[in-house]
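Visitor: Please take a close look at one single part of this model. Go through it residue by residue, and keep it brisk.

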Amino acid sequence: MSIKQLLTLTVTFVSLVASAEPAQWPLCSACHGDKGQGGIGPMLAGQSAEYISDRLRAYRDGEYFGEQSPLMWPNAANLTDDDISAIAAFIENIDK
């Protein structure tokens, strides 16, 4: 296998992993829409992984960002750092 083929396979694999739907997404999508387009909760599509990660960690820690914060606290309470990273990567790549 050539270096070019190996790099192509690696990039493809990383893209698939980043876009794989995390196990928690059905709960998220109930309020944020199946494509992150928003609904009861705000639109997530178009947000960076860094923004989503920061917000989920803050909600997990009980921080307040607005009137819907109490809805997010129990949803974020049991998320691990790996869960948060997977959700954030998925959201960042949801329309790509």
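Guide: Aspartate 81 is partly exposed, at 41% relative accessibility (buried is under 20%, exposed over 50%, 1.4 Å probe, protein chains only). The model is predicted, with local features needing pLDDT of at least 70 and side-chain atom pairs 80 or more, while totals for chains, interfaces and linings use all residues. Residues are numbered from 1 along each chain, and side-chain values use heavy atoms, without hydrogens or water.

Start with arginine 60. It forms a salt bridge with aspartate 81 (Lys or Arg side-chain nitrogen within 4 Å of an Asp or Glu carboxyl oxygen). The closest N and O atoms are 3.0 Å apart. Arginine 60 sits in helix α3 and aspartate 81 in helix α5, so this pair ties together parts 21 residues apart in sequence (a helix is a DSSP run of H or I, at least four residues). Arginine 60 is partly exposed, with a relative accessible area of 26%.

Now arginine 57. Its side chain also meets that of aspartate 81 in a salt bridge, at 3.5 Å from N to O. Helix α3 covers residues 49-60 and holds arginine 57; helix α5 covers residues 81-92 and holds aspartate 81; so this pair joins parts that are 24 residues apart in sequence. Arginine 57 counts as partly exposed, at 26% relative accessibility.

Arg57, Arg60 and Asp81 are linked in a network of salt bridges. The count by this rule comes to two salt bridges.

Note on methods
Helices (H or I, at least four residues) and strands (E, at least two) are DSSP runs, numbered from the N terminus.
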